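Please read it alongside the model.

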Amino acid sequence: MLPCLNKRLFGLDCPGCGLQRSVLLLFKGEFVAAFHMYPAIFTLIPLMGILILNKLFTLKYGNLFIIGFSISSVLLIIINFIIKLLN
């Protein structure tokens, strides 16, 4: 696992802290623990899939899904970051 440079230098979690551990938990099949570690993981994975499929096949409503998953991912990342700062 790569260490977080922001946490090492400033002692604060960055908005991406927990993503690596969340992916590892997903590979182990621990979906609830992955969500608790990094809630945006369940919007980022479909976003990446749709981005790839849209590049390969040009999906009819691909852009709407991309916008929806992007907005929800950003909101989840910001909310999770604020919650981590308050704890």
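Helix axes are lines fitted to C-alpha atoms over the stretch in contact, and angles run from 0 to 180 degrees between N-to-C directions. This is a predicted model, in which local features need pLDDT of at least 70, side-chain atom pairs count only at pLDDT 80 or more, and totals for chains, interfaces and linings use all residues. Residues are numbered from 1 along each chain as its sequence is written, and side-chain values use heavy atoms, with hydrogens and water left out.

**Helix packing**
- Helix α2 (residues 19-27) packs against helix α4 (residues 41-57) at an angle of about 80°, with the axes 11 Å apart; helices are DSSP runs (H or I, at least four residues), numbered from the N terminus.
- α2 is therefore roughly perpendicular to α4 (65 to 115 degrees).
- Leu19, Ser22, Val23 and Leu26 of α2 meet Ile41, Phe42, Leu44 and Ile45 of α4 (contact: heavy atoms within 4.5 Å).
- By class, the residues of this contact are 7 nonpolar, 1 polar and no charged (nonpolar: Ala, Val, Leu, Ile, Met, Phe, Trp, Tyr, Cys and Pro; charged: Asp, Glu, Lys and Arg; polar: the others, Gly among them).

**Asparagine 80**
- Helix α5 (residues 62-86) holds asparagine 80.
- Asparagine 80 counts as buried because its relative accessibility is 11% (buried: under 20% relative accessible area, 1.4 Å probe, protein chains only).
- Leaving aside residues up to four places away in sequence, asparagine 80 touches Met37, Tyr38 and Pro39.

How values were computed. Helix = DSSP H or I, 4+ residues; strand = E, 2+ residues; numbered from the N terminus. Parallel < 35°, antiparallel > 145°, perpendicular 65-115°, else oblique. Buried < 20%, exposed > 50% of the residue type's maximum accessible area, 1.4 Å probe, protein only.
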